[in-house]
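I opened the notebook to record what I looked up in this structure. The entries follow in the order I made them.

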Amino acid sequence: MLQNIRDNSQGWIAKTIIGAIILLMALTGFDAIFRATDHKQDAAKVNGDEVSLTELNQAVEMQRRQLLQQLGKDFDASQLDDNLLRDSALKSLIERKLVLQGAENSGFAFSQAAIDQLILRTPEFQSEGQFSTERFDQVIRQMGYTRLQFRQMLEQEMLIGQLRAGIAGSGFVTEPEISAFARLEKQTRDFATLTVPADGAGVSVSEDDVKAYYDAHAAQFMSPEQVVLEYVELKKEAFFAQAKVKDEDLQALYQKEIGSLAEQREASHILIEVNDKQTDAQAKAKIEEIKARIDGGADFAAQAKEFSEDPGSAAAGGNLGFAGPGVYDPAFEKALYALNQGQVSEPVRSEFGWHLIKLLDVQAPDVPSFASLKDKLEHELKSQEVEQRFVDVSKQLEDASFEASDLAQPAQELGLKVQTSAPFGREGGEGIAANRQVVQAAFTPEVLEDGANSGVIELDPETSLVIRVKEHRMPEQLALEQVAPSIREQLTKERATEAAKAKGEETLASLRDGKSPVQQAGAANTWQPVEAATRNQEGVDPAVLQAAFRMPKPSDATTPSYTGVALPNGSYVVVRLNGVSEPEQELSADEKTSYSRFLASRSGQQDFAAYRKKLETDAKIERF
């Protein structure tokens, strides 16, 4: 084989292929050929800044979790289109990168101390009203972040928020604009409606009509393509009965559990920042002056309120609340844990500036007993064993199914039962057919046409299965007798709708031309008056209300305007606009303020959208 390859590589065929490759490189450039290799870790580049695949995967997963939370626990996650999620997530990341670049170029900034305060005061990171390191780590781990990544993300969110507020908050509106908007918003309209119902009772549909429709739309009346599956199912819960836990393993896990508990320290601090306006020496001199005053008897909290440059804690006398190890800057934390209760530190330099730290209180960890945790620890250890066993058996199932010509052998080897599904089509069905992954696998060429067993499909974290097509039912023409009732119903509805529209438009034209008096036009039905209707009027069909407010104002009190609206139920509504009323009284101060805020906010949002669009237009964006 290898010698054949060597021999053939010297022949004219190989030389032709190599020549084609050289030509391709000449036409496209080596850079284009190797671009995928150069950017294999990038999803996109925005003005030279990378959007990594890791960022994209995190964004897709977060978007997926948010959608599943909104759609409820009964929603089948497999119905979410991964390509659509990816496109949406990448678009959001690119927009985010553009806005961040805009914020940085505009000189927006957010201090690290302020981020610390935001984290400490976030309710989701607290337990019983106090910041919990354990809770913090748990929440950000579920979000897919490390501590550093979360801080970076939070800082970016703050920068974006500053820029958005800066642009959106600059929106303004003039007095004439407020008055014009208020006139439109408070406008009321007097109108009446005349409904021409779609009445199927007067419609005649013959057998010939049904047959003609059937013949003209034969492709619509086919039975769906369906499959019947055989499958073997692997459930994680089945392995729990087999799992065994040793006492020494329980004790070891208990010691690890209580060993992670750490005391919480309540700290207060005074910060003098080192920044562009204040050198390190100046900040240190200030903090030393404050320390001298405290040593002389000055109250720490009062000094913090007056001099601390941490906006998040200064008003609270510098109080940072309770926190455990790993929350603060390393130098800050080292100094804090060297203090006794009530003691004030010497000046401490962190990346934010110079601090004075006071230890207010210490909370020892509440250590639970072994007995209280035993059931939880036992379940945790069993879960670990079951998880590994589930993975191992899933691999065995996949290997056995790949090698077997049916599912009987893998089922026998693993002690599973071969089950049969109900028939279903490409749109899915009930039971396992409600899962999109199962439906997609069932209709792949390998499974449907070649008769192969599928790979292992994960229904949910607790259940996996392998499927095989037992029966493939091709589409067949449905008999006329089967579909005649639905055709008759469809034709009746269509003709009743057409008749109602024709009659309504005839009435409308007659009214507009003045050929039919209003009362005569409504002889068969009754005009339904609506007085002083607002834009949010209840009890009126939204399509009718929208049409009434789009109509031109009548030229005078005796000459109404007319329009017509076709409703989804087939009825046709003639609308007669009798008059338009606008508010005469002046707006109150509160109303002016409310309208001004709304219009300014809308204007600001439009400005921010335009700014973001301009960033995108001017940017160099590469997607990989």
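Entry one. I looked up Arg-488 and Glu-207 and found their side chains joined in a salt bridge, at 2.8 Å from N to O. The two residues lie 281 residues apart, with Arg-488 in helix H20 (residues 480–512) and Glu-207 in helix H11 (residues 207–216), and the pair thus links distant parts of the chain. I note that this is a predicted model. Arg-488 is partly exposed, with a relative accessible area of 28%. Glu-207 is exposed, at 57%, and the cut-off for that word is over 50%.

Entry two. Side chains of opposite charge can pair when their charged atoms come close. I also noted the total: how many salt bridges does the structure hold? I have 19 written down.

I turned to Glu-157 and Arg-96. They form a salt bridge in which the closest N and O atoms are 2.2 Å apart. Glu-157 sits in helix H9 and Arg-96 in helix H6, so the pair ties together parts that are 61 residues apart in sequence. Is Arg-96 buried or exposed? Arg-96 is buried, with a relative accessible area of 18%, because the cut-off for buried is under 20%. Glu-157 is partly exposed, at 32%.

Entry four. I stayed with helix H6, which covers residues 82–105. Here Glu-95 and Lys-91 have side chains that meet in a salt bridge, 2.7 Å from N to O. The two are four residues apart in this helix, so about one helical turn separates them.

I moved on to helix H7, residues 112–120. Seven of its nine residues are buried, so the helix is largely enclosed by the rest of the structure. The buried ones are Ala-113, Ala-114, Ile-115, Asp-116, Gln-117, Ile-119 and Leu-120. What covers them? The cover includes helix H8 (133–142) and helix H9 (147–168). It also includes strands E3 (126–127), E4 (130–131), E7 (264–273) and E8 (319–323). Helix H9 is also where I had found Glu-157.

My last stop was Ser-52, in strand E2 (residues 49–52). Ser-52 has 19% relative accessibility and counts as buried, since buried means under 20%. Leaving aside neighbours within four places in sequence, I found Ser-52 in contact with Gln-41, Asp-42 and Ala-43.

How values were computed:
Residues are numbered from 1 along each chain as its sequence is written. This is a predicted model: local features need pLDDT of at least 70, side-chain atom pairs count only at pLDDT 80 or more; totals for chains, interfaces and linings use all residues. Side-chain values use heavy atoms; hydrogens and water are left out. Buried means under 20% relative accessible area, exposed over 50%, partly exposed in between (1.4 Å probe, protein chains only). Contact means heavy atoms within 4.5 Å. A salt bridge is a side-chain nitrogen of Lys or Arg within 4 Å of a carboxyl oxygen of Asp or Glu.
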